[in-house]
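Trainee: Please take me closely through one part of this model, the surroundings of the ligand, and then carry on to whatever else in the chain deserves a look.

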Amino acid sequence: MDEKTKNLVSLLKRGRIVAFCGAGISAESGIPTFRGEDGLWKKYDPTVYATVEGIVYLLIKSPLSLRDFIVESYQIFLNAQPNFAHYALKKLEDKNLLIGIITQNIDDLHFRCGSKNVAEIHGNAFEFLCRRCNWRIKRTPKELESFIYQLKKEKSKWRIVKGILKFLGRCPQCNRRLESGIVFFGQQLPQKELERSYQYLNQAKTLLCIGTSGVVYPAASLPYYAKERGVKIVVINPEASELDEIADYLVREEASQFFRRIIPFLG
Ligand code: NAD
Ligand code: ZN
């Protein structure tokens with residue numbers, strides 16, 4: 001074992017680890033990253049498809065392209081399975097070495113592999129919620145699959161809009177139309193998830209920043225908050241990122257490659 005690996009292993013063995021994850025950890029599960037070459041966002045302009053105003057505009061003016069976007073993105077989420085890196089974090093939690101995961105991802109993969117303490121600061125694509133009274137429901141993959149199946153077949157604009165609104169449904173408590181649980185660009189981060197993130201960071205000794213470019217704010221401010229508190233920062237990313245400047249350990253590897261190398265030393 002080289003010196004850097006030795007130091008990293010002893011750091012991780014001290015426990016009180018928090019993970020801060022971005023799209024890169026799910027890249028090996030087949031979900032394209034935001035800025036990656038094969039990114040969905042090369043095809044669908046995020047200033048339209050990842051904002052509430054844009055989606056409302058599409059619903060009225062261009063339901064067919066909104067439909068294509070919904071079908072394409074949910075097919076990606078539905079086909080994805082957690083990879084070695086997701087399972088490694090679950091293992092660290094089971095061993096009481098990891099306090100929690102703060103994720104920018106909306107793909108549900110941490111929960112799907114059994115991790116318990118997860119703060120989803122950008123929401124969850126499987127969740128739908130009432131923005132008046134906060135009632136929420138998590139749809140099963142099966143429910144989403146059958147919605148996508150129906151939507152895909154539909155040719156009439158009117159029936160597409162009707163199908164989307166029917167699937168969203170209404171709040172059983174206050175009758176308001178339910179909305180996607182995804183936090184779109186320009187929307188506030190969910191207060192509870194943010195509070196939980198700070199709780200994790202306030203107890204942390206080590207922060208693993210995994211697969212994030214560190215350019216999406218306010219999320220990207222969390223590693224800086226940790227750094228100021230003296231938390232050791234480990235950046236795991238095969239490419240350069242904004243967070244490199246605060247890294248105590250810079251690991252230029254894919255997430256699963258890193259964990260395959262490190263996990264055997266953690267017992
Ligand atoms: P990003 O796309 O801006 O950056 C991804 C980073 O991951 C890059 O720096 C890249 O070099 C790195 N990377 C690629 N493959 C990797 C691997 N195998 N292992 C480790 N690192 C790898 O992602 P971001 O910083 O999370 O910001 C994008 C925003 O878009 C997020 O806020 C997120 O909400 C959203 N998003 C989510 C998903 C998802 O849920 N899986 C996917 C795409 C985008
Ligand atoms: Zn409600």
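**The ligand shell and beyond**

Mentor: Among the 26 residues around ligand 1, those that come nearest are F34, R35, Q104, T212 and S213. Keep in mind that this is a predicted model. By type, the shell around ligand 1 is made up of nine nonpolar, twelve polar and five charged residues. Helix α2, residues 24–27, gives the most to this shell, with three residues.

An oxygen atom of ligand 1 lies 2.8 Å from a backbone N or O atom of I106. In the side chain of D107, an N or O atom is 2.8 Å from a nitrogen atom of ligand 1. G211 contributes through its backbone, where an N or O atom lies 3.2 Å from an oxygen atom of ligand 1. The ligand exposes 850 Å² when taken alone, and the protein buries 91% of that.

Next, the backbone. Most residues other than glycine have a negative phi, and most peptide bonds are trans. D108 is not a glycine, yet has a positive phi of about 70°. D108 belongs to the loop between β2 (98–103) and α8 (109–112). Its relative accessible area is 9%, so D108 is buried. N175 likewise has a positive phi, near 70°, and is a residue other than glycine. The loop that holds N175 runs between α10 and β6 (179–182). With a relative accessible area of 48%, N175 counts as partly exposed. As for peptide bonds, the one from Y217 to P218 is cis, with omega near 5°. P218 sits in the loop between β7 (206–210) and α12.

Helix α10, residues 157–168, also contains I164. I164 has a relative accessible area of 8% and is therefore buried, the limit being under 20%. Although I164 and P63 are 101 residues apart along the chain, their C-alpha atoms are separated by 9.7 Å.

The aromatic side chains come next. A pair of aromatic rings is described by the distance of the centres and the angle of the planes. The structure holds nine aromatic pairs. In one of them, Y198 and Y225, the ring centres are 4.8 Å apart and the planes stand at 80°; the pair is edge-to-face because that angle is over 60 degrees. This pair links distant parts of the chain, with Y198 in helix α11 (residues 191–203) and Y225 in helix α12 (residues 221–228), 27 residues apart. Y198 has a relative accessibility of 30% and counts as partly exposed. Y225 is also partly exposed, at 27% relative accessibility.

F258 and F259 form another edge-to-face pair, 5.0 Å from centre to centre and with 70° between the planes. Both F258 and F259 are buried. Elsewhere, W41, Y44, Y49 and F69 make up one aromatic cluster.

Two arginines complete the account of the rings. R139 lies over the face of F167, 5.4 Å from the ring centre. R260 is placed over the face of F84, at 4.2 Å from the ring centre.

Methods: Residues numbered from 1 in each chain as written. Chains lettered and ligands numbered in written order. Heavy atoms only, no water. Phe/Tyr/Trp six-rings, centres within 6.5 Å; stacked < 30°, edge-to-face > 60°. Helix = DSSP H or I, 4+ residues; strand = E, 2+ residues; numbered from the N terminus. Buried < 20%, exposed > 50% of the residue type's maximum accessible area, 1.4 Å probe, protein only. Lys NZ or Arg CZ within 6 Å of the ring centre and 35° of its normal. Near = heavy atom within 4 Å. Polar contact = N/O pair within 3.5 Å; in protein donor to acceptor, adjacent residues only side chain to side chain. Areas by Shrake-Rupley, 256 points an atom, 1.4 Å probe, with all protein chains shown as cover. Nonpolar A, V, L, I, M, F, W, Y, C, P; charged D, E, K, R; others polar.
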